[in-house]
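Please read the following report alongside the sequence and the coordinates. It takes up a few local features in turn, starting with contacts between side chains.

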Amino acid sequence: YAYLLFQAMDGMQPEEAKATIRAAAGAGSFQSLRARALDDRFHDSAARRVEQEAARATWARFFATHDAFLSPVSFVPAIPHDHSQPMDARRIATPEGDRSYNELLRWIVFATLTGCPATAAPVGLTRDGLPVGIQIMGPFLEDATPIHLAGALAEVIGGFRAPTGFD
């Protein structure tokens, strides 16, 4: 997923931006994967596309018997966005300890990798009043399915409520 994401995001970057990405690549880091996605040969890139199609086929089998797949949007409720550090250096405080900002991508992988539509829907607020959501993923090319389910969920639980101070 990340490989294909970086290929799509970085492939059209100017050469000086690509050089910066390559220079920041430390062994085993997100940046090293990012640099590899820029430089791999067609054969390597095509192999990632085959894996992507296999993932899409797996989800197609799931959706043959299920209308939707529900998952968290993230491992934390809404967070303040701090852009003062590069992505790889950003940390998010959780009750279990700090986690990498890049881990926010974890739950969106299924839909993004396969091209399946997904809708984030509000399901409530934390004790501190922060919004919590659920991700509703639907079958490939059936965009209306997760949107419809999010609407039905809103009818039952009340839909979006702005947190205190944001209304």
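Predicted model: local features only at pLDDT ≥ 70, side-chain atom pairs only at ≥ 80, totals over all residues.

Residues are numbered from 1 along each chain as its sequence is written, and side-chain values use heavy atoms, with hydrogens and water left out.

## Salt bridges

The structure holds three salt bridges, a salt bridge being a side-chain nitrogen of Lys or Arg within 4 Å of a carboxyl oxygen of Asp or Glu. Side chains of opposite charge can pair when their charged atoms come close. Arg99 counts as partly exposed because its relative accessibility is 24%, where buried means under 20% relative accessible area, exposed over 50%, and partly exposed in between (1.4 Å probe, protein chains only). Arg106, at 49% relative accessibility, also counts as partly exposed.

Glu53 forms a salt bridge with Arg56, with the closest N and O atoms 2.9 Å apart. Because Glu53 and Arg56 are three residues apart in helix 4, about one helical turn separates them. Glu53 is partly exposed, with a relative accessible area of 41%.

## Overall fold and burial

The protein chain has six helices and five strands, which are DSSP runs numbered from the N terminus (helices: H or I, at least four residues; strands: E, at least two). Read along the sequence, these elements follow the pattern α-α-α-α-β-β-β-α-β-β-α. Of the 167 residues in the protein chain, 29% are buried.

Gln52, found in helix 4 (residues 42-63), is buried, with a relative accessible area of 13%. Although Gln52 and Gly115 are 63 residues apart in sequence, their C-alpha atoms are 9.4 Å apart in space.

## The largest pocket

The largest pocket has a volume of about 340 Å³. On a 1 Å grid over the protein atoms alone, a pocket is an open set of points where a 1.4 Å probe fits, with protein on both sides within 12 Å along at least five of seven lines, and lining residues have an atom within 4 Å of a point. Of the 17 residues that line the largest pocket, Val73, Val76, Pro77, Ala78 and Pro131 are the closest to its centre. The elements that give two or more residues to this lining are strand 4 (118-125) and strand 5 (131-137). By class, the lining has 13 nonpolar, four polar and no charged residues.

## Surface patch and a backbone exception

Val123, Val132, Val156 and Ile157 make a nonpolar surface patch of about 310 Å², where a patch is made of residues with over 30% relative accessible area and no salt bridge, nonpolar side chains being joined within 5 Å. Val132 has its place in strand 5 and, at 33% relative accessibility, counts as partly exposed.

Leu141 lies in the loop between strand 5 and helix 6 (144-157), where it has a positive phi of about 70° although it is not a glycine. At 67% relative accessibility, Leu141 counts as exposed.

Terms used:
Points joined across faces, edges and corners; volume = space filled by probe spheres on them. Nonpolar A, V, L, I, M, F, W, Y, C, P; charged D, E, K, R; others polar. Patch = residues over 30% accessible without salt bridge, like charges linked within 9 Å, V, L, I, M, F, W, Y side chains within 5 Å. Areas by Shrake-Rupley, 256 points an atom, 1.4 Å probe, with all protein chains shown as cover.
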